[in-house]
Amino acid sequence: MGKAVPERMTAIAITEPGGPMVLKPQTRAVPEPGPGEILIRVKAAGINRPDVLQRQGAYPPPPGASELPGLEAAGEVAALGEGVGRWSVGDKVAALTPGGGYAEYCTVHESNALPIPHGFTFTEAAAIPETFFTVWHNVFQRGALRQGETLLVHGGSSGIGTTAIQLAVAFGARVAVTAGSEEKCRACRELGAERAVNYREEDFVAAIKEMTGGRGADVILDMVAGDYVNRNYAAAAEDGRIVQIALLGGAKATADFSRLMRKRLTHTGSTLRPRPVAVKGAIAAELEDQVWPLLAARKVAPVMDMIFPLAEAWRAHERMEEGSHIGKIVLDVA
């Protein structure tokens, strides 16, 4: 038998839209798992850029999701909803959540949880779901990156970037990245990036052309948009695929579509949080088959930046907004 589930828990609430200090510990009712859901006794939770946007009032949770922030968590299964078949109370899981991860307990559909890879701590495991789901779906499913191709990752030292470098290299691709300092560029090279461009000092279009003998990148993972759109078209190879996952440089751009036509480019994009449970479950199944063995063998692993206690979630958000982090920022909930 697992531990008894209390009626109340500590959670981090967004008390009003604003800066990091609006994140406050509150006492909330422990959520009850619905049909097909599990209740997780959270041991650690990952910090992600969408959490910051939600805190600022720019990214509301999808219908039916918890209004508490937190898109990934790791812990132990504390209770089962009706019809749950895979999990038992006490199982250790890492899960992609639609919200609610910044709390002592959260619920998630059983298909959106995966076993914690062998040898991983809860804090490491909490750093896996959001970035690995995002990279797998966008680089490998939408971007169709193949062995021998070249991937260009913008924001190479972020949680997404460090994950993308490792997975692309593990599957036999060449990787180039952009990052904002020599320290970040060095970290990317140590993970396997062949070329790391300090975008403050060097033009990434020229750098990627030089690296590929003028050919360009087959797949570009972009979280910037804005004036990067045209430059991505210039940096892309013929039949290249550009995958948009964020808009840090602005949602609108002036683009030269003649280049898109001449090179037969594909420019696609996605957001993960609002997708149906079944879509996320399908990504989870592919990850378990293709990527979990790499994690278990430590051929890939989340790059850890800093760990903060749950009550100091505001400090974790400050760390992310400062922009000096390399890899994942995590909350220790236990």
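In which strand does isoleucine 38 lie? The points below begin with that residue.

1. This is a predicted model, in which local features need pLDDT of at least 70 and side-chain atom pairs count only at pLDDT 80 or more, while totals for chains, interfaces and linings use all residues. Residues are numbered from 1 along each chain as its sequence is written, and side-chain values use heavy atoms, with hydrogens and water left out.

2. Isoleucine 38 lies in strand β3 (residues 37-46), where strands (E, at least two residues) and helices (H or I, at least four) are DSSP runs numbered from the N terminus. Its relative accessibility is 0%, so isoleucine 38 counts as buried (under 20% relative accessible area, with exposed over 50% and partly exposed in between, for a 1.4 Å probe and protein chains only). Not counting residues up to four places away in sequence, isoleucine 38 touches residues including Val77, Leu80, Trp87 and Val108, contact meaning heavy atoms within 4.5 Å.

3. Helix α3 (residues 129-142) packs against helix α9 (residues 277-290) at an angle of about 90°, the axes being 10 Å apart; axes are lines fitted to C-alpha atoms, for helices over the stretch in contact, and angles run from 0 to 180 degrees between N-to-C directions. The two helices, α3 and α9, are therefore roughly perpendicular to each other (65 to 115 degrees; under 35 is roughly parallel, over 145 roughly antiparallel and the rest oblique). On the α3 side the contact is made by Phe132, Phe133, Trp136, His137 and Gln141, which meet α9 residues, among them Lys280, Ile283 and Leu287.

4. Strand β9 (residues 174-179) is mostly covered, with 5 of its 6 residues buried. Strand β8 (residues 150-154) runs parallel to β9 and is joined to it by 5 bridges (strands pair if DSSP finds at least two bridges between them), and valine 153 has valine 177 in β9 as its bridge partner. Together with helix α4 (residues 159-170), β8 and β9 make a right-handed β-α-β unit, right-handed meaning that, with the strands pointing away from the viewer, the path from the first strand over the helix to the second runs clockwise.

5. Strand β10 (residues 195-198) is also parallel to β9, through 4 bridges, and the β-α-β crossover from β9 through helix α5 (residues 182-191) to β10 is right-handed.

6. Two backbone values deserve a look. Alanine 144, in the loop between α3 and β8, has a positive phi of about 50° although it is not a glycine. Aspartate 239, in strand β12 (residues 236-244), likewise has a positive phi, of about 60°.
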